[in-house]
Amino acid sequence: PSLVFLAGTETGLLSPEETAEALSARPDTLAILTQKVEPAFLAKAQELGLAPQVVCTLEGFHYSKGRWVTLKVYSAQKDRAS
């Protein structure tokens, strides 16, 4: 939620499946995912014929939960076989 506040109103908080659908519909966008939801995102992306590419991996401390978190930033790339 803090990132949404900083990045602006076009930033959405979506489920992993909705995130894959958003990348399919708008390939000029980026998706930021935690490791926890990454498998569901990748499964839906494959179902949609997407081959998302990791742009970068970020690590930081989630101060409100008191733990380290790894985030991956993905861009969309249509699967060439589709």
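Where in the protein is confidence lowest, and where is it highest? Let's go through the views and find out.

**View 1. How confident is this predicted model?** You're looking at a predicted model, so a word on confidence comes in handy. The protein has an average pLDDT of 87, and 88% of its residues score at least 70. Confidence is lowest in helix α1 (residues 2-7), with a mean of 70. It is highest in helix α3, where the mean is 97.

View 2. Is K44 buried or exposed? It counts as buried because its relative accessibility is 16%, and the cut-off for buried is under 20%. Now skip the neighbours within four places in sequence and see who else is in contact: K44 touches E17, A20 and E21.

**View 3. A salt bridge between E21 and K44.** Side chains of opposite charge can pair when their charged atoms come close. Here, E21 forms a salt bridge with K44, and the closest N and O atoms are 3.5 Å apart. E21 sits in helix α2 (residues 16-25) and K44 in helix α3, so this pair ties together parts that are 23 residues apart in sequence. With a relative accessibility of 38%, E21 counts as partly exposed.

**View 4. K44 also pairs with E47.** The side chains of K44 and E47 meet in a salt bridge, 3.0 Å from N to O. Both residues lie in helix α3, three residues apart, which is about one turn of the helix. Salt bridges that share partners join E21, K44 and E47 into one network. How does E47 count, buried or exposed? At 60% relative accessibility, E47 counts as exposed.

**View 5. K72 meets E38.** A search of the whole structure turns up three salt bridges, and here is another one of them: the side chains of K72 and E38 come together at 3.3 Å, N to O. This pair links distant parts of the chain, with K72 in strand β3 (residues 67-75) and E38 in helix α3, 34 residues apart. K72 counts as partly exposed, at 24% relative accessibility. E38, on the other hand, is buried, with a relative accessible area of 12%.

Methods
Residues numbered from 1 in each chain as written. Predicted model: local features only at pLDDT ≥ 70, side-chain atom pairs only at ≥ 80, totals over all residues. Heavy atoms only, no water. Contact = heavy atoms within 4.5 Å. pLDDT = per-residue confidence, 0-100. Helix = DSSP H or I, 4+ residues; strand = E, 2+ residues; numbered from the N terminus. Salt bridge = Lys/Arg side-chain N within 4 Å of Asp/Glu carboxyl O. Buried < 20%, exposed > 50% of the residue type's maximum accessible area, 1.4 Å probe, protein only.
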